[in-house]
Amino acid sequence: MALLDGEVYEAYRHELLKRYRQLLRTLGKNISKDKTKLIREAFDFAARAHEGTVRKSGEPYIFHPLAVAQIAAGELRLGATSVICALLHDVVEDTDITLDEIERRFSPKVANIISGLTKIQVVFDSVPTANNSLQAENFKKMLLTLGEDLRVILIKLCDRLHNMRTLGSVHDRTKLKIASETMYIYAPLAHRLGLNAVKSEMEDLALKYTDLTQYRFISRKISESKQNRQRYIREFIEPLKTELSNSGLNIAEIKGRPKSIYSINRKMKNQGIPFEEVFDAFAIRVIIEAPIEREKSDCWRVYSIITDKYRTHEGRLRDWLSRPKNNGYSALHSTVLGPKGRWVEVQIRSKRMDDIAERGLAAHWRYKAEHGDQTGQNPQDNAFDNWLNAVKDTIENNDLTALDLVNEFKTTLLGEDIYVFTPKGDVKSLPVGAVALDFGFNIHTEIGLRTIGAKVNNKLVSIQQELKNGDIVEIITTSKGRATNNWLEIVKTGRAKSKIREYLKDEKTKLSGRGKTIMERMFMKHDVDFTEHNINLLTKNYKYVTPSEFFHAVAEGKIRMTREVLLGIIEEKNIPAVNSKKEKKKNTQIVFGEDYEMPYSLAKCCNPLPGEAIFGFVTVGEGVKIHRTTCPNASKLMSQYGYRIIPASWQNVYETSFEAHIQVKGLDDVGIVSRITDIISKDMEVNMKSINIRANEDGTFGGQLEIMVNNSEDLETLVNKIKATHKYIEVSRVENIHP
Ligand code: MN
């Protein structure tokens, strides 16, 4: 192998070869000689292209594409073409190699996938602007590739997973950004594609990088409770053993499935309960081996054996056997009253279903890619193809900003689906939360626009009625379109939203055309020239941004002018003085991204100080807020609004005082207040805004101080000095959970 000659790889030769051989072994024997040769070429090619480049961890770069290829082959079970692309995925982006060259040496198909992967990466390095966050642009590019070749996104997920696994050696700021992106879009995307294992690992790793203490705490607890878990499962199975072995069913495995670290943490935080309470609710998974035509009935037989012994929880039976979830998941879930009076969830599925549950539609899709589309009969295919079509619809069908598109994608396309019926019995799938009006647009744009209500299961309901699984929906229309801005708030689907926007835009254009005609006539009547200059004067006078908005207001009757007013404005007599807006102070103390400036303010919940690690959060009406990365709200912001997070850092700090809030508590001591105030004002010459310390009846004291400091170091010194005043005193920053 050519790379073996390269001096750079000398020390790594053995390890690289080992991993390369493992990759081939993972792909198995079904790979043709030609394909094997191509894989070898791709590996060689990538190794040479990346020669001399090292990762942050210090090892040669080629380890990364090789690992991504291993994930693709082993964990997603993708085929040879995907493996080749995974090996080459960073070549065009990071080296001088061109797509043409890839096409010549490999194939147009490979070049096409690499092109998709490269497109995603190019935007990664660009600079964010105030209205369009870098992440949103990025995600948009990525979503666009969903419409092309699904392998692009699958390889991207492998790439991201490997990056997450090896994030240990990168800068904290980058860690935060990558973790939040992962939580925002990659993990939900993996979930939607049915890649459960990838999704869970991504979430766990994201937690590890944002809250290491909690991550360690929970993983320690999980391993400590392993024995208890296994003992409980043994107790659970014991009474079922005879029945199961007499049944002739082929039970492959019964195991206790702990929740992921991330989901345990989320439950603990959301419900404010301790680890033990969340953890009690682990699931018992029964996996059977059965030929495909018998797997459903066998699952039901297992169910009946279990429920003969254990009482079932009413209303907790979930049958995803007859209608799999939209990401391909299929199984039978039930909750039963197990030993020790504990409610346990039991998940029953076949080996095949288990495989799909962990590796998702990628497995199915691989088959389709390598063998052509012969899988039309499978209902899961249809569900998935429908989803892909809806994705394409959303992507192609609008002029949304990147941020809106990503939001829309997240709310309507990454969620679960419900199935509803037309009166004729046709099934339509809609995202959870969809309302009657969405259904109208799902049938046809014309129908959507003219919807005034609906009959759901024969009952008259408003357009806002939320639909449920199995509803029969009949839309009631009128003869004219009635969409208003308000409708945008009502509908949940991207399709309905973009159609309503289009309609409103058309209406607006029509209306402002009418307004323009009204003004033209008025000008003529009063003998004023209808010039751009004059129209601009009017637009400005009535405080509209564009003439078309002004015309729009005229048509709506919001503006009426007498001859005197018109002439007054045109002759510039009556124009009110331009509002003297306070000039915004130029803040250059904080830069965003690599070196980008924009207005910001410091978040009140955590009052970040110079010297502390920070990030920017793009708010809806208040510009960018700066939080500490340790702010109690940070993880929520990052996981729910990851796309609004922008990396930020302190730079050229010129202001000398920043607000900081600290709280003190301790055992009461005469004169403690004066000692604290002495330190603040005399020792440190720190400016105090307020102090509020109270002695309590139980012999303790406590209170808060609002002070102005220069940076985090000052604050630390101050805190230490206060701590030194008294043996029994606690001093800490004040943090608010609600920003
Ligand atoms: Mn990569």
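Asp90 is buried, at a relative accessible area of 1%. Buried here means under 20% relative accessible area, exposed means over 50%, and partly exposed lies in between, with a 1.4 Å probe and protein chains only. This is a predicted model: local features need pLDDT of at least 70, side-chain atom pairs count only at pLDDT 80 or more, and totals for chains, interfaces and linings use all residues. Residues are numbered from 1 along each chain as its sequence is written, and side-chain values use heavy atoms, with hydrogens and water left out.

Now the metal site. Asp90 (OD) coordinates the manganese ion together with His64 (NE2), His89 (NE2) and Asp159 (OD), at 2.2 to 2.4 Å. Donors are N, O and S atoms within 2.8 Å of the metal (3.2 Å for Na, K and Ca); water is not among the atoms, so sites may look incomplete. Along the chain, the donors read H-x24-H-D-x68-D. His64 sits in helix 3 (residues 63-74) and Asp90 in the loop between helix 4 (80-88) and helix 5 (91-94), so this pair ties together parts 26 residues apart in sequence. Helices are DSSP runs of H or I with at least four residues, strands are E runs of at least two, and both are numbered from the N terminus. His64 is buried as well, at 1% relative accessibility.

Next, salt bridges. The rule is a side-chain nitrogen of Lys or Arg within 4 Å of a carboxyl oxygen of Asp or Glu. The count by that rule is 22.

Take Lys269 and Asp211. Their closest N and O atoms are 3.8 Å apart. Lys269 belongs to helix 15 (residues 261-271), while Asp211 is in the loop between helix 11 (196-210) and helix 12 (212-224), so the bridge links distant parts of the chain, 58 residues apart. Lys269 is exposed at 52% relative accessibility. Asp211 is partly exposed, at 25%.

Stay with helix 15 for a moment. Its buried residues are Ile261, Tyr262, Ser263, Ile264, Asn265 and Met268. After the helix comes Gly272, with a positive phi near 60°.

Another bridge joins Glu235 and Lys340, at 3.4 Å from N to O. Glu235 is in helix 13 (residues 226-237), and Lys340 is in the loop between strand 4 (332-338) and strand 5 (342-350). That pair is 105 residues apart and again links distant parts of the chain. Lys340 is exposed at 64% relative accessibility, whereas Glu235 is partly exposed at 31%.

And a buried one? Asp354 and Arg349 form a salt bridge, with the closest N and O atoms 2.8 Å apart. Both residues are buried. Elsewhere, Glu15, Lys18 and Arg19 are linked in a salt-bridge network.

On to the surface. Arg266, Lys267, Arg316 and Arg318 gather there in a patch of positive charge. Patch residues have over 30% relative accessible area and no salt bridge; like charges are joined within 9 Å, and nonpolar side chains (Val, Leu, Ile, Met, Phe, Trp, Tyr) within 5 Å. Arg316 lies in the loop between helix 17 (295-309) and strand 3 (318-319). Arg316 is partly exposed, at 34% relative accessibility.

Gln651 is between strand 15 (645-650) and strand 16 (658-667). Gln651 is partly exposed, with a relative accessible area of 33%.

Terms used
Accessible areas come from the Shrake-Rupley method with a 1.4 Å probe; for residues, only the protein chains shown count as cover. Lys and Arg count as positive and Asp and Glu as negative; His and the chain ends are not counted. The place of a charge is taken as NZ of Lys, CZ of Arg, CG of Asp or CD of Glu.
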